[in-house]
Amino acid sequence: MRALVSIFAALLIIISVYQLSFTWFVNSHESAMQAKAKTSVSRLYPLPAARKYPGDKEAQALYQDTLDQLYNARLAKLLDSTKETKITPWGTSYQKSKESELLLGLDLQGGMSVTMDIALDGLIKNLANNRRDPQVLKAIAMAQQKKMTSSNNFIDLFAESYREINPTAKLAPLFSNINRNKIGYDASDATVLSWLHEQATAAMKQTYQVLNNRINQFGVAQPSINLDDAKGIITVELAGAKDPERVRKYLQSTANLQFWEVYNWGDLQGAFVNADKAVQNYLNGVKADTSRHADSTGVAKGDSSKKDTAAQTANANPLFRVMAPAEARQDAKGQAQYYAFVGRSLVKDTGTVNDYLSIPTIRNIFPQDLKFLWGKQEVDDNGKKIPYLDLYAIRTIPGSDKARIEGSVTENASQDFDPITSEVVVEMSMTKQAGKAWADMTTKNVGKPIAIVLDDIVYSAPFVNEPITGGSSRITMGRGRSSNQSVTEAQDLANILMSGRLDAPAKIVQEQVVGPTLGREAVNGGMMAFGISFVVIFTLMLVYYNTAAGSKTPTTATPKKTT
């Protein structure tokens, strides 16, 4: 029995050490990345705030804030680019280890808890034939008042309020529209309510998806986001979130849907070759000399000739080692066609690519109207994430960060099937004003791709086959995927296209910021409780087993002697 207990205790200790080891490896990796980020910032800005602006406290504070922002941005890039890096002796990646580490909740490490209310009043207004109908507006206002004290959903409260205002009126005339839905003018209230519930559920899921995509930008481990369809609320817990104002801004900001023209590899091949050479010289310590004529790489020829040959070749092709160029392919007619993206990198190398392309001398090699954006991480037919990202070269409007087409430009988008080829497609229709800009944009880009971007992530870049002048477009999903995968991607793209106009935006109605002081107090209290419990239990075990052992000691009787 004692041997069995010992074996069980040994196994328990081994399992506990194994689980706790992930926390140690994650902390070690993050410490190394923090040191690397600090070194990177110090290299660009070597002087501390006190030496940069001696005697000027306000300037020192602003300068330090800038350094802190650069450090946080650099650290986030490093951690994001090393997600697939193996950090344990048995080959577990940083991302998997991060998911397995010992997590501290809001009460232990601080963070932010947010409750968001999904505003369905805007959805009802958009679905109504007359969004300014006084009776509709009055029913919405009454439903909003009832919602404060009722557990019913907003759609039912709206219908109840409308019946109170117009006891004999039906809902169908308010929403019947042959161009937008299948609700007949004489449809029953139950049919209309069922349709409204479907639209509300879709709108809430759309809002939830947009918020869920943004959560990863806060740099916290395993954030919690939950949708309550019945109550129309979303709860978010971000343990470890350090900037509440940034959280509020991201959660409540409008989704930024944009359509961009792009550069391809053929347009930028020369610039990338020069940039690769310039990065090599930068890493070897060769600095540009603006007082003399520099070559197209931004590096003075006179300086480079003075450097040791071995040092010059130590970092050969640094950019192309972490980014594979997207060279031309042959289309169906046998002609060369470039991809929509300009390069492809492993996820772990994206931070390095960003660093290289953000160096001022390298950035100046590329056109001034260009900005680089990464595409979303794709998945294979088995649902596993593919470990690389595509880099897109977006062609911006000179002097502006806005796209020619952006915002609430999509009236409708849905997944469908081509009636002839049965291919999975996305049907999209734009507003009248956006349709004119779309016609001009597609006319100028026949045979070229147009990038669909949401919150600075490229979700798709379909090629334009012909000018689209009617405002209605069809996007054919790529071949080579399973049918289920294509349908899922098409549905996701349709949701992305509709994200520019959230019919049911979410607003923060309650929030709680837990400071680090509470976390330290909770940790200290827990450690003290653990120590006291361990001593008490260990003492009781010693007393119990010693006493029990004494009471069970066998006694021997002395035989009587007889004579």
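Leu70 sits in helix H3, which covers residues 57–81. The model is predicted.

Biologist: Is Leu70 buried or exposed, or partly exposed?
Modeller: Leu70 counts as partly exposed, because its relative accessibility is 34%.

Biologist: Which nonpolar surface patch has Leu70 in it?
Modeller: One of about 420 Å². Leu44, Tyr45, Tyr282 and Leu283 make the patch together with Leu70.

Biologist: What about Arg74, buried or exposed?
Modeller: Arg74 is also in helix H3. Arg74 is buried, at 12% relative accessible area.

Biologist: What is Arg74 in contact with, leaving aside neighbours within four places in sequence?
Modeller: Lys36, Ala37, Ser40, Gly351 and Asp355.

Biologist: New topic. How many salt bridges are in the whole structure?
Modeller: A search finds 14. Among them is Glu30 with Lys98, at 2.6 Å from N to O. Glu30 is in helix H1 and Lys98 in helix H4, 68 residues apart.

Biologist: Are those two buried or exposed?
Modeller: Glu30 is buried at 15%. Lys98 is buried at 19%.

Biologist: Which residue does Asp390 meet in a salt bridge?
Modeller: Arg344, at 2.6 Å from N to O. Asp390 lies in strand S10 and Arg344 in strand S8, so the pair ties together parts 46 residues apart in sequence.

Biologist: And Lys444, which residue is its salt bridge with?
Modeller: Asp440, with the closest N and O atoms 3.4 Å apart. They are about one helical turn apart, because four residues separate them in helix H18.

Biologist: Which residues are linked with them in a network of salt bridges?
Modeller: Glu261 and Arg404.

Conventions. Residues are numbered from 1 along each chain as its sequence is written. This is a predicted model: local features need pLDDT of at least 70, side-chain atom pairs count only at pLDDT 80 or more; totals for chains, interfaces and linings use all residues. Side-chain values use heavy atoms; hydrogens and water are left out. Patches are made of residues with over 30% relative accessible area and no salt bridge: like charges are joined within 9 Å, nonpolar side chains (Val, Leu, Ile, Met, Phe, Trp, Tyr) within 5 Å. Accessible areas come from the Shrake-Rupley method with a 1.4 Å probe; for residues, only the protein chains shown count as cover. A salt bridge is a side-chain nitrogen of Lys or Arg within 4 Å of a carboxyl oxygen of Asp or Glu. Helices (H or I, at least four residues) and strands (E, at least two) are DSSP runs, numbered from the N terminus. Buried means under 20% relative accessible area, exposed over 50%, partly exposed in between (1.4 Å probe, protein chains only). Contact means heavy atoms within 4.5 Å.
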